[in-house]
Amino acid sequence: QVTSSVTMVEASGNARLLQQEGPAGCLHPSHVGFRYVVLFCSCMLTFGSYFCFDMPSTMKEPLQDQYIRPWAPTKGLFQTDFLYSLYYSLYAWTNALIGSLFGGVIVDRFGTHFSTLLFCGLYVTGQTIFAIGASLDGLSTESQYFIMVVGRFIFGMGGGAITLVQNTISAQYFRHDRMALAMGFTLTASRIGSVINLNSTAKLVQATSIATALWMGVGLCLFGAAFGGAYIVLDRRYRAYCELRGEGVSSVAVKKVSLRDVGRLPLQLWILSLIISLYYIGIFAFIAIAKDFFEAKWVSDTAIVRGASFRSSVVYLMSMIFTVFVGAFVDSVGSRAKIMLATC
């Protein structure tokens, strides 16, 4: 009886899905704007994680003074600057070797719903541990530091891999048209998080504390993860609607994959990966020290020192503004290789 009741509820829900075709709102799969609602949810997946990614750069001196310098050696390799750099390097290595490489296999094998829950859970957990480490004043500063480093390690597993989910969503809903525009929107939303962080976190730390700023990051990660739940609900509705209409779900065809398939990837993909890697090596490495660099090099120029955070964010700001327009231009004109050369 319970089973039959559940079946009746599902049937009535499915019937409503079909009956709403026509004057339905944008939350109904038949509406032309439905895929843009899904895209908005996809964009917000990385808003919080990108906000948190560059948080160490906006509070470099306070982090070093409070959690590293009191116990760090003054000679040898493991000095203050090296220990600070682990906040970034551990994120980068886990992102590259664990998050992105295995993350792609996870998305292909288990789909976007499971992957969204997993990667959002990882970056929320990582940022939470990072904030907890900064909040445990009863521990030694060395212990606090190592807890925070563990948090960044876990954060890296989900913070980078969640972009794979975004790309898969874009490919599913925009594979036939406007895919570059969709990817432009996802990147823009991520850069908004970065720009807000670079221009506000240092002031927040000065007004409150490092721990308060990090807990704000946790809140924004939870905010992004909530949109992951919204995406799953909407995508299930879309799949149910397609099944009721007897249509196949528009998704990227994926066979069973393994890490051995890496050797079969085309040369063009490796070239693109190399281009992107070389670009990000220069940009991210500079962003990590940019605020400190501006303040140290132009220490006597009050205007530059005061605007160091904004100058650090200019790269992300330009990306945020122009990426959507470039995406629309690529969709209209094509010539992706030529445009890539021009942007390089």
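**Figure 1. Close-up of R239 and its partner D235 in the predicted model.** R239 is partly exposed, with a relative accessible area of 27%. The structure shown is a predicted model. The partner of R239 in a salt bridge is D235, and the closest N and O atoms of the pair are 2.7 Å apart. D235 counts as buried because its relative accessibility is 0%, and buried means under 20%. Both residues belong to helix α10 (residues 210–244), where they lie four residues apart and are therefore separated by about one helical turn.

**Figure 2. Close-up of the salt bridge between R69 and E61.** The side chains of R69 and E61 meet at a distance of 4.0 Å, N to O. R69 is partly exposed, with a relative accessible area of 37%. E61 is likewise partly exposed, at 34%. In general, side chains of opposite charge can pair when their charged atoms come close. The count of salt bridges comes to five.

**Figure 3. Close-up of the network formed by R35, D177 and R178.** Salt bridges link R35, D177 and R178 in a network. Within this group, R178 pairs with D177, and their closest N and O atoms are 4.0 Å apart. R178 has a relative accessible area of 43% and is partly exposed. D177 also counts as partly exposed, at 35% relative accessibility.

**Figure 4. Close-up of the second largest pocket.** This pocket has a volume of about 250 Å³. The second largest pocket is lined by 14 residues, of which P29, H31, R35, Y173 and Y238 are the closest to its centre. R35 also takes part in the salt-bridge network with D177 and R178. Helices α2 (34–44) and α8 (162–174) each supply at least two residues of the lining. The most is given by α8, with three residues. By class, the lining comprises six nonpolar, five polar and three charged residues.

**Figure 5. Close-up of a nonpolar patch on the surface.** The patch is formed by F310, V314, M318, I321, F322, F325 and V326, which together have about 620 Å² of accessible area. F310 is found in helix α13 (residues 308–333). With a relative accessibility of 44%, F310 counts as partly exposed.

**Figure 6. The setting of the close-up views in the whole protein.** The protein has 14 helices and zero strands. Of its 344 residues, 42% count as buried; D235, shown in Figure 1, is buried at 0% relative accessibility.

Technical notes
Residues are numbered from 1 along each chain as its sequence is written. This is a predicted model: local features need pLDDT of at least 70, side-chain atom pairs count only at pLDDT 80 or more; totals for chains, interfaces and linings use all residues. Side-chain values use heavy atoms; hydrogens and water are left out. On a 1 Å grid over the protein atoms alone, a cavity is a set of points where a 1.4 Å probe fits but cannot get out, and a pocket is an open set with protein on both sides within 12 Å along at least five of seven lines; lining residues have an atom within 4 Å of a point. Grid points are joined across faces, edges and corners, and a volume is the space filled by probe spheres set on the points. Ala, Val, Leu, Ile, Met, Phe, Trp, Tyr, Cys and Pro count as nonpolar, Asp, Glu, Lys and Arg as charged, and the others, Gly among them, as polar. Patches are made of residues with over 30% relative accessible area and no salt bridge: like charges are joined within 9 Å, nonpolar side chains (Val, Leu, Ile, Met, Phe, Trp, Tyr) within 5 Å. Accessible areas come from the Shrake-Rupley method with a 1.4 Å probe; for residues, only the protein chains shown count as cover. Buried means under 20% relative accessible area, exposed over 50%, partly exposed in between (1.4 Å probe, protein chains only).
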